[in-house]
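Please open the structure in your viewer and keep the selection panel at hand. The tour below goes from one selection to another and says what is there at each stop.

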Amino acid sequence: MDHQLSRNEFDDAIATLNTCDRIIVEGKKDVRSLSSLGVPHSKLLPLNGAPLYTILDAVLPRSNVALLTDLDGEGKKLHAKLKPELVKKGVFVDEKFREFLFRRTPVRVIEGLEGFVEKLE
């Protein structure tokens with residue numbers, strides 16, 4: 001994992017994330033964190049424990065969705081449950097930003113992004 005990341009590189013990753021139609025996150029704190037980093041609030045869809053069918057209704061017929069669950073054990077389980085269901089419905093799940101977080105940052109919870117970015121030069 002490379003922690004030597006510049007603010008410009010992070011901003012480029014956010015710009016790529018912003019190309020997704022919707023960005024699914026776990027909760028309100030994740031929405032707040034991503035919004036503070038320039039992700040339009042209208043693109044963010046918090047799960048907040050909602051049933052799967054409501055999430056599918058909210059993203060269909062959109063074709064490009066980022067699934068940003070946390071990178072901890074619970075987040076990985078949730079990701080493993082949701083991704084196949086989205087793909088089965090014809091939704092493309094864009095993994096670029098999630099992989100970027102895992103490979104290039106120590107951040108494992110989405111709500112921690114704001115604090116991490118404040119420390120970047």
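This is a predicted model: local features need pLDDT of at least 70, side-chain atom pairs count only at pLDDT 80 or more; totals for chains, interfaces and linings use all residues.

Begin by selecting Asp 21, which is found in the loop between helix 1 and strand 1; helices (H or I, at least four residues) and strands (E, at least two) are DSSP runs, numbered from the N terminus. At 30% relative accessibility, Asp 21 counts as partly exposed, a term for what falls between buried, under 20% relative accessible area, and exposed, over 50% (1.4 Å probe, protein chains only).

Residues are numbered from 1 along each chain as its sequence is written, and side-chain values use heavy atoms, with hydrogens and water left out.

Now show the strands, and you will find an open sheet of 4 strands in the order 2-1-3-4, with parallel pairing; two strands pair if DSSP finds at least two bridges between them. Strand 2 (44-46) and strand 4 each have a single partner strand and stand at the edges, so one side of each is left without a neighbour in the sheet. From one strand to the next, the twist averages 30°, where axes are lines fitted to C-alpha atoms, for helices over the stretch in contact, and angles run from 0 to 180 degrees between N-to-C directions.

**Strand 1 and its neighbours**

Select strand 1 (residues 22-25), which runs parallel to strand 3 and is joined to it by 4 bridges. Arg 22 stands opposite Val 65, Ile 23 stands opposite Ala 66, and Ile 24 has Leu 67 as its bridge partner. In a regular strand the side chains alternate between the two faces of the sheet. Both faces of strand 1 are covered, with Arg 22 and Ile 24 buried on one side and Ile 23 and Val 25 buried on the other.

Turn next to strand 2, which pairs with strand 1 in the parallel sense over 3 bridges, and where Leu 45 is the bridge partner of Ile 24. The chain crosses from strand 1 through helix 2 to strand 2 in a right-handed β-α-β crossover, meaning that, with the strands pointing away from the viewer, the path from the first strand over the helix to the second runs clockwise.

**Strand 3**

Select residues 64-68, which make up strand 3, and colour them by accessibility: 5 of its 5 residues are buried. Asn 64, Ala 66 and Leu 68 lie on one side, and Val 65 and Leu 67 on the other. Strand 3 also pairs with strand 4 (residues 92-94), in the parallel sense and over 3 bridges, and there Val 93 is the bridge partner of Val 65.

**Helix 1**

Move to helix 1 (residues 7-17), where Phe 10, Ala 13, Ile 14 and Leu 17 are buried. Seen down the helix axis, the buried residues of helix 1 fall within an arc of 100°, so they line one face of the helix; the arc is that of the directions from the helix axis to the C-beta atoms. The face turned away from this buried side carries the exposed residues Asn 8 and Asp 12. The buried residues of helix 1 pack against several elements, including strand 1, strand 3 and helix 5, contact here meaning heavy atoms within 4.5 Å.

For the last stop, select helix 5 (96-104), in which Phe 97, Arg 98, Phe 100 and Leu 101 are buried. These residues cover an arc of only 160° around the axis, which puts them on the same side of helix 5, whereas Lys 96 and Arg 103 are exposed on the other side. Finally, which residues form one aromatic cluster? Select Phe 10, Phe 97, Phe 100 and Phe 116 to see the cluster.

Conventions:
Rings of Phe, Tyr and Trp (its six-membered ring) pair if their centres lie within 6.5 Å; planes under 30 degrees apart count as stacked, over 60 as edge-to-face and the rest as tilted.
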